[in-house]
Amino acid sequence: GEGDVSLPSGDEAAGAVRLYTLHGAKGTEFAAVFLCGLNENLLPIAGADIGEERRLFYVGITRAAEELILTTSGTPSPFLSELPKSVVKERAFPKTAFRQLSLF
């Protein structure tokens, strides 16, 4: 189970990144939180209890003390449409691809 996972204790003041599952993040708080992969069939997991999945999403978004970044690709999680209209939404554009020029 998740209780069997041992995580190193990083120096958060020095900018260490810590990875948590949504279950493991309960009761914690961080200055900045990134929730990645908020896609349909991942959150909520296809076939899972929708109420429990919504509670886990709530746990994730309430861990951030100052900044919350949510990312998605493909078809977004339906939970994202439930966020208040005041949430700032931005669309990332692909970076310009550079290619190495051959000198020979």
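Tutor: A pocket is an open set of points, on a 1 Å grid over the protein atoms alone where a 1.4 Å probe fits, with protein on both sides within 12 Å along at least five of seven lines; a cavity is a set from which the probe cannot get out, and lining residues have an atom within 4 Å of a point. The model discussed here is predicted: local features need pLDDT of at least 70 and side-chain atom pairs count only at pLDDT 80 or more, while totals for chains, interfaces and linings use all residues. Residues are numbered from 1 along each chain as its sequence is written, and side-chain values use heavy atoms, with hydrogens and water left out.

Student: How is the overall fold to be read, and in what order do the elements of the chain run?

Tutor: Elements are DSSP runs numbered from the N terminus: helices are H or I of at least four residues, strands are E of at least two. Here the chain has 1 helix and 2 strands, in the order β-α-β from the N terminus on.

Student: What share of the 104 residues is buried?

Tutor: Buried means under 20% relative accessible area, exposed over 50%, and partly exposed in between, with a 1.4 Å probe and protein chains only. Of the 104 residues in this chain, 17% are buried.

Student: Which residues line the largest pocket?

Tutor: Rolling a probe the size of a water molecule over the atoms shows where empty space is left. The largest pocket holds about 810 Å³, a volume being the space filled by probe spheres set on the points, which are joined across faces, edges and corners. Its lining has 28 residues, with Arg18, Tyr20, Val33, Phe34 and Leu35 nearest the centre. Strand E1 (30-35) and helix H1 (50-61) are the elements that give two or more residues to this lining, and E1 gives the most, with 6 residues.

Student: Into what classes do the residues of this lining divide?

Tutor: Ala, Val, Leu, Ile, Met, Phe, Trp, Tyr, Cys and Pro count as nonpolar, Asp, Glu, Lys and Arg as charged, and the others, Gly among them, as polar. In the largest pocket the lining divides into 19 nonpolar, 5 polar and 4 charged residues. The second largest pocket holds about 680 Å³. Its lining has 18 residues, and Leu70, Thr71, Val88, Lys89 and Glu90 are the closest to its centre. By class, that lining has 9 nonpolar, 6 polar and 3 charged residues.

Student: Leucine 35 was named in the largest pocket. Is leucine 35 buried or exposed?

Tutor: Leucine 35 belongs to strand E1 and counts as buried because its relative accessibility is 12%.

Student: What joins leucine 43 and proline 44?

Tutor: A cis peptide bond, with omega of about 5 degrees, joins leucine 43 and proline 44. At 8% relative accessibility, leucine 43 counts as buried, and its C-alpha is 7.8 Å from that of phenylalanine 79, 36 residues away in sequence. The loop between E1 and H1 also holds asparagine 41, which has a positive phi of about 75 degrees although it is not a glycine. Asparagine 41 counts as partly exposed because its relative accessibility is 47%.

Student: Which side chain makes a polar contact with that of threonine 62?

Tutor: A polar contact is a pair of N or O atoms within 3.5 Å; within protein, one must be able to donate a hydrogen and the other to accept it, and residues adjacent in sequence count only if both atoms are side-chain atoms. The side chains of threonine 62 and arginine 63 are joined by such a contact of 2.7 Å. The threonine 62 side chain also reaches the backbone oxygen of valine 59 at 3.2 Å. Threonine 62 lies in the loop between H1 and strand E2 (64-70) and is partly exposed, at 26% relative accessible area.
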